Amino acid sequence: MNFIQQLIENQPRENIKYIYPGDNDYGYAKMIAALANDKGGRLILGLMDDGNRIIDKGYSLQKPNKEKIKSYISGFENFEISEVAFQQNHFVVITVEKEPNGITFEDKYYMFANQYNNQLSEVRPVKLFISYNHLVSELADILETNLHYHFSFKVEINRDTQLGYRDSI
């Protein structure tokens with residue numbers, strides 16, 4: 001069974017964004033950054049999601065330019081652009097790998113607001129201050145390392161070791 005036919009019949013939405021009408025390289029770059037900042041995924045150009053079903057529209061615009069897109073997202077290149085044909089129509093599939101440390105678009109981090117539409121939202125890091133007894137500073141180190149590992153750009157951590165005398169926490 002053809003990949004596009006599978007999408008139309010099974011209608012998956014998690015980490016797949018359907019793009020119709022088309023956008024431009026600037027817009028695709030922002031969406032690629034959003035996917036990379038989450039779990040990775042795919043942009044399917046030429047299929048429309050009306051909220052109830054996936055509709056075959058075809059893609060008639062110019063294929064996205066990978067080099068131009070990379071210039072908008074700090075050189076991130078862990079994405080592939082391919083063309084797929086299905087029943088007289090052509091589609092573009094952009095497959096994006098997850099980037100654990102995050103990808104910026106115009107110096108901001110973005111993610112999709114939810115899995116049901118293509119609305120993007122800026123990610124603003126949660127600010128945390130770790131307060132601890134210095135006799136167990138190793139535990140604070142482990143906590144900080146794990147928070148960075150799991151939340152990377154989504155969390156901004158401060159500790160007393162980073163503060164000067166009379167600085168506000």
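This report describes the nonpolar cores, salt bridges and aromatic contacts of a predicted model.

**Nonpolar cores**

The largest nonpolar core has 24 residues, and the residues with the most contacts inside it are Ile32, Leu43, Ile73, Phe79 and Ile94. At least two residues of this core come from each of helix H2 (25-36), strand S2 (41-45), strand S5 (79-86), strand S6 (89-96) and strand S8 (108-112), and H2 supplies the largest share, eight residues. In soluble globular proteins, nonpolar side chains tend to be buried together.

Which residues does Ile73 touch, when those up to four places away in sequence are not counted? Ile73 touches Ala29, Ile32, Ala33, Phe79, Ile103, Thr104 and Phe105. Among these, Ile32 and Phe79 are also listed with the most contacts inside the largest core.

**Salt bridges**

The structure holds 10 salt bridges, and three of them are set out below with the distance between nitrogen and oxygen and the relative accessibility of each partner.

| Pair | N to O distance | Accessibility of the partners |
|---|---|---|
| Arg13 and Asp49 | 2.8 Å | Arg13 14%, Asp49 23% |
| Lys70 and Glu77 | 3.4 Å | Lys70 15%, Glu77 45% |
| Glu122 and Arg124 | 3.5 Å | Glu122 31%, Arg124 63% |

Salt bridges that share partners also join Glu67, Lys70 and Glu77 into one network.

The bridge between Arg13 and Asp49 has its closest N and O atoms 2.8 Å apart. Arg13 lies in the loop between helix H1 (3-10) and strand S1 (16-19), while Asp49 belongs to strand S3 (residues 47-49), so the pair ties together parts that are 36 residues apart in sequence. Arg13 is buried because its relative accessible area of 14% falls under 20%, whereas Asp49, at 23%, counts as partly exposed.

In the pair formed by Glu122 and Arg124, Glu122 is partly exposed and Arg124 is exposed, with a relative accessible area of 63%.

**Aromatic pairs and charges over rings**

Five aromatic pairs are found in the whole structure. The rings of Tyr26 and Phe105 have centres 5.0 Å apart and planes at 70°, so this pair is edge-to-face. Tyr26 is in helix H2 and Phe105 in strand S7 (residues 104-105), and the pair thus links parts of the chain 79 residues apart. Are these two partners buried or partly exposed? Tyr26 is partly exposed at 35% relative accessible area, whereas Phe105 counts as buried at 1%.

Phe105 also pairs with Tyr110, the ring centres being 6.3 Å apart and the planes at 70°, so this pair too is edge-to-face. Tyr110 counts as buried, at 10% relative accessibility, and Tyr26, Tyr72, Phe105 and Tyr110 form one aromatic cluster.

Lysine side chains also meet aromatic rings: the charged end of Lys30 sits over the ring of Tyr110, 4.5 Å from its centre, and that of Lys66 sits over the ring of Phe79, 4.9 Å from its centre.

**His134**

His134 is placed in the loop between strand S10 (126-130) and helix H4 (137-151), and at 46% relative accessibility it counts as partly exposed. The C-alpha atoms of His134 and Ser82 are separated by 54 Å, with the two residues 52 apart along the chain.

Definitions and conventions
Residues are numbered from 1 along each chain as its sequence is written. This is a predicted model: local features need pLDDT of at least 70, side-chain atom pairs count only at pLDDT 80 or more; totals for chains, interfaces and linings use all residues. Side-chain values use heavy atoms; hydrogens and water are left out. A nonpolar core is a set of buried Ala, Val, Leu, Ile, Met, Phe, Trp, Tyr and Cys residues joined through side-chain atoms within 4.5 Å. Buried means under 20% relative accessible area, exposed over 50%, partly exposed in between (1.4 Å probe, protein chains only). Helices (H or I, at least four residues) and strands (E, at least two) are DSSP runs, numbered from the N terminus. Contact means heavy atoms within 4.5 Å. A salt bridge is a side-chain nitrogen of Lys or Arg within 4 Å of a carboxyl oxygen of Asp or Glu. Rings of Phe, Tyr and Trp (its six-membered ring) pair if their centres lie within 6.5 Å; planes under 30 degrees apart count as stacked, over 60 as edge-to-face and the rest as tilted. A charge sits over a ring if NZ of Lys or CZ of Arg is within 6 Å of the ring centre and within 35 degrees of the ring normal.
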